[in-house]
Amino acid sequence: MIENKVRLQKFLAHAGVCSRRKAEELIASLCVTVNDFPAGIGTVIDPQKDVIKVNGVQIKNEPASRKDPLVLMLNKPKGYVCSHNDRFNEKTIFSLVPKKFAKRNLLFCGRLDKDTTGLIILSDDGDFVQKLSHPSSNIQKHYKLILSRPLNDAVKPRLLHGIIDDGEFIKLNKLISIGKGALKGKAFEVVLSQGRKNEIHRIFQHFGYFVEKLERVRIGKLFLKGVSIGNCRQLSAQEIELLFK
């Protein structure tokens with residue numbers, strides 16, 4: 001049991017939500033509330049009396065070591081948002097998680113926007129989530145996409161060279177044409193490792209192309225397989241290792 005009066009970021013790390021450093025980022029982003037009021041960096045709480053929530057989800061006063069970390073593979077459908085609580089969207093990815101996992105403090109590793117489908121990793125191990133999500137880990141993510149019109153060959157090297165957008169450097173690691181017939185020049189597999197927000201949409205829009213369909217199919221060497229759209233399953237230890245290869 002955690003002693004009374006503890007710093008909020010220490011409590012979140014002890015509860016398995018995330019690392020202390022990530023907890024400070026969540027607090028600074030106003031994602032954490034204490035008794036339904038936004039928390040500040042350095043806030044001291046009483047875990048036995050105060051109600052702590054992250055993105056609207058209450059965090060229980062239990063140590064992270066209480067059970068083995070849980071890692072799930074989710075096949076996200078279109079129309080669902082990566083959030084625990086979004087007042088503008090009723091459909092969140094956590095509503096797709098089976099009831100037997102509902103009491104775990106699950107976090108997502110790498111956000112997908114509302115219209116993007118495919119592979120999302122969920123876990124209640126904060127350090128694992130931080131490691132898998134952070135750009136410094138240099139973990140490659142593979143996506144399949146369809147463009148609104150055929151891509152000009154002259155643009156391809158520029159996508160790989162990179163651009164500056166909104167003060168951020170964005171580039172594709174790989175661009176592989178997979179389109180045939182009507183999709184020739186429009187369907188591609190792309191590989192990224194940076195983890196910028198909406199980076200695929202942003203880099204193609206920079207050159208005047210709209211991404212009509214986007215699906216994440218692989219993280220590291222772990223492929224999206226054995227999970228139908230809208231469902232999830234628990235990963236084995238061997239599959240978890242593939243994420244970092």
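C82 counts as buried at 3% relative accessibility, where buried means under 20% relative accessible area, exposed over 50% and partly exposed in between, for a 1.4 Å probe and protein chains only. The model is predicted, with local features needing pLDDT of at least 70 and side-chain atom pairs counted only at pLDDT 80 or more, whereas totals for chains, interfaces and linings use all residues. Residues are numbered from 1 along each chain as its sequence is written, and side-chain values use heavy atoms, with hydrogens and water left out.

The structure holds 0 disulfides, a disulfide being a pair of cysteine sulfur atoms within 2.5 Å. For C109, which is in no disulfide, the nearest cysteine sulfur is that of C82, 11 Å away; C109 is likewise buried, its relative accessible area being 4%.

P98 is partly exposed, with a relative accessibility of 29%, and is placed in the loop that runs between β7 (71–76) and β8 (107–109), strands being DSSP runs of E of at least two residues, numbered from the N terminus. Although 134 residues separate P98 from C232 in sequence, their C-alpha atoms are 8.0 Å apart in space.

The lining of the largest cavity is formed by V17, V54, V57, I59, H84, N105, L106 and L107, a cavity being a set of points on a 1 Å grid over the protein atoms alone where a 1.4 Å probe fits but cannot get out, and lining residues having an atom within 4 Å of a point. By class, this lining comprises 6 nonpolar, 2 polar and no charged residues, with Val, Leu and Ile among the types that count as nonpolar.

Definitions and conventions:
Helix = DSSP H or I, 4+ residues; strand = E, 2+ residues; numbered from the N terminus. 1 Å grid on protein atoms, 1.4 Å probe; cavity = no way out; pocket = protein on both sides within 12 Å on 5 of 7 lines; lining within 4 Å.
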